[in-house]
Amino acid sequence: MTDQLPRLQHYIGGQYVAPADGAYFASGNPATLEPLYEAARGSAEDVGRAVRAAHEAFDSPGWSGLSATKRGHLLRRLGDLIGERADDLARYESLDNGKLLREMRGQLAALPEYYYYYAGLADKVQGSQIPTTSLAILNYTQREPLGVVGAITPWNSPLTLTTSKIAPALAAGNTVVVKPSEHTSRTILLLAELATEAGFPDGAFNVVTGFGSEAGAALVSHPLLAKISFTGSTATGARIAAEAASRFIGCTLELGGKSPNIVFEDADVANAAMGVIAGIYAAAGQTCIAGSRVFAHRAVYDELLERVTARANSIRIGDPLADDTELGPLAFADQLEKVDSYVRLGAEEGATVHTGGGRPDVSLPGYFYSPTVLTDVDNSMRVVREEIFGPVAAIMPFEHEDELIGLANDTEYGLAAGVWTQNLARAHRVARRLDAGTIWVNTYRAMSPMSPRQGFKSSGVGIEHGLESMNEYTRLKSIWINTDEGPVADPFVMRG
């Protein structure tokens, strides 16, 4: 019975707060379908409380009076606390979204490094002195925090993708309000609690749980919000961008992808096949950077298809908490139906379901879907053009490099791409010609807080990670000082 489940509250102003209207919703385990907890169903009133708490904290001496170096100390302490709780956090995320526990342990082991990185950047944000035509005028710039930053984060890697937003935002001196996915509330609430334990002032980090159409929409439209950062679907991102533009506030959007994973004739095919497997079946394909469009040179197409098919058929599907499981469930029922409907659509369009294409025989009742390979596909098909967000790869042959570039770039998306070749000149040449923000050569899904990430075309706006991400959470101010104490010679002539 859901009335016996643990109840999770919003985290506002440094403490857990019940929802204003008393509403909650249930969240369950996608592998077992057992209910896990109830979370507060956020309303516009709850969002208003959180944004006001963040706004007050932003103006308070306890936050605005901190030096950038001391902000860095707080971030480093938060990273330490995450490291201490990494096993618990990894388990909670696996229970919430069905990702492999060993994958989540790997993510959580690396997550403190994100906070250490931005802790180091906190006092490296600098302005410049600008030369002017008059020696009497001193002109310099400085970068300032924006104010209250709203973050709407997804369910597939909650802590990692939330950290990509809040770590630079806090390092730059902003305060934050996070609306996590309704499928993965628990770890983001715990992260906010750890921020308070680390010494962040009350209201610097707030979390309102709930649904996008309710809490998310209220956050995006709140008049005190200075910036919105969102990771999710392109359609939702377009609506958020329109709202942000109407109020002239900034937005960072990491959106969908339909990334090409390209295998040339000189590639190490065995290695490339494992890269294809990693690109589409890791995390059950529920990642925006999934290499869902596989292009193989006709000379190696048959071998690659055979290797990928054999490995896909041997993937161990089951309990994500088990150490030997390689593929867990999809995160929720609607996602399972979406993936299955796309595979059926592909077959209707003329694709061959080479392997997979249905529910596997698993002892658990959850939202499992078999690793699937589609062949006899082309770029006109919806299964090739639209993001499926599941373990479904479309594998296509090509013959010439120019043909390949045209096929790879023939998409509305431009998030990532993989290139497999032993030819160094080709690697550089193809990387330059591909219309995507991240290019991997002879690897896939490599990630670092130090490396900037940007989506092209419908895959997003703005930069996450790296030095450049700090500019996303600051504004530039130009200051002019007249060092000449004499009277102005001519008040009607512009000075320079």
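Strand S11 is joined to strand S12 (residues 250-254) by five bridges, and the two run parallel; helices (H or I, at least four residues) and strands (E, at least two) are DSSP runs, numbered from the N terminus, and two strands pair if DSSP finds at least two bridges between them. The model is predicted, so that local features need pLDDT of at least 70 and side-chain atom pairs count only at pLDDT 80 or more, whereas totals for chains, interfaces and linings use all residues. Residues are numbered from 1 along each chain as its sequence is written, and side-chain values use heavy atoms, with hydrogens and water left out.

S11 itself (residues 225-231) is mostly covered, six of its seven residues being buried, that is, under 20% relative accessible area with a 1.4 Å probe and protein chains only. Together with helix H9 (residues 234-246) and S12, S11 makes a right-handed β-α-β unit; with the strands pointing away from the viewer, the path from the first strand over the helix to the second runs clockwise.

An open sheet of three strands shows the order S1-S5-S4 with mixed pairing. Strand S1 (7-8) and strand S4 (24-28) stand at its edges, each with a single partner strand, so one side of each is left without a neighbour in the sheet. S4 and strand S5 (residues 35-40) run antiparallel and are joined by five bridges, with Glu38 in S5 as the bridge partner of Ala26.

Notes. Buried means under 20% relative accessible area, exposed over 50%, partly exposed in between (1.4 Å probe, protein chains only).
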